[in-house]
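Hello,

Here is the structure I promised to pass on. Please open it first, then read my notes below.

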Amino acid sequence: MFSLFRRNPAKKLQKAYERKLEEAMLASRNGDMRANATLTEQAEALRLEIERLKED
């Protein structure tokens with residue numbers, strides 16, 4: 001009954017994942033490959049967390 005009001009943590013992580021990928025793309029366009037690599041790594045960690053949540 002109360003599951004209707006629960007927030008979906010995977011949805012929040014998905015938005016953060018997409019935001020990180022966009023930041024990485026912008027860093028790459030600006031020529032900052034170190035920032036691109038860091039942001040891509042952070043996005044990958046978020047993706048793994050999303051997949052873990054979906055498995056449960």
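**Salt bridges**

The structure holds three salt bridges. A salt bridge here is a side-chain nitrogen of Lys or Arg within 4 Å of a carboxyl oxygen of Asp or Glu. Keep in mind that this is a predicted model: local features need pLDDT of at least 70, side-chain atom pairs count only at pLDDT 80 or more, and totals for chains, interfaces and linings use all residues. Residues are numbered from 1 along each chain as its sequence is written, and side-chain values use heavy atoms, with hydrogens and water left out.

Side chains of opposite charge can pair when their charged atoms come close. Start with Arg 47. Its side chain meets that of Glu 44 in a salt bridge, at 2.3 Å from N to O. Arg 47 also forms a salt bridge with Glu 51, at 2.4 Å from N to O.

Where do Arg 47 and Glu 51 lie? Both are in helix 2, four residues apart, about one turn of the helix. Arg 47 and Glu 44 are separated by about one helical turn, because they are three residues apart in helix 2.

The remaining pair is Glu 49 and Arg 52, whose side chains meet at 2.5 Å, N to O. These two are three residues apart in helix 2, so about one helical turn separates them.

Now for accessibility. Buried means under 20% relative accessible area, exposed means over 50%, and partly exposed is in between (1.4 Å probe, protein chains only). Arg 47 has 26%, so it is partly exposed. Glu 44 is partly exposed at 34%, and Glu 51 at 38%. Glu 49 has 29% and is partly exposed. Arg 52 is partly exposed too, with 41%.

**Helices and core**

The protein chain has two helices and zero strands. Helices (H or I, at least four residues) and strands (E, at least two) are DSSP runs, numbered from the N terminus. Helix 2 has 23 residues and reaches 33 Å from its first C-alpha to its last. That is close to the 33 Å expected at 1.5 Å a residue; the expected span is 1.5 Å times one less than the number of residues.

Which residues of helix 2 are buried? They are Asn 36, Leu 39, Ala 43, Leu 46 and Ile 50. They pack against helix 1.

Asn 36 counts as buried because its relative accessibility is 15%. Asn 36 touches Ala 24, Ala 27 and Ser 28, not counting residues up to four places away in sequence. Contact means heavy atoms within 4.5 Å.

The largest nonpolar core has six residues: Leu 13, Ala 16, Tyr 17, Ala 43, Leu 46 and Ile 50. Helix 1 (9-29) and helix 2 (33-55) each give two or more residues to this core. A nonpolar core is a set of buried Ala, Val, Leu, Ile, Met, Phe, Trp, Tyr and Cys residues joined through side-chain atoms within 4.5 Å. Leu 46 touches Leu 13, Ala 16, Tyr 17 and Lys 20, again leaving out residues up to four places away in sequence.

**Whole chain**

The C-alpha atoms of the protein chain fill a box of roughly 50 × 20 × 10 Å, taken along the principal axes. Buried residues make up 20% of the 56 residues.

Best wishes
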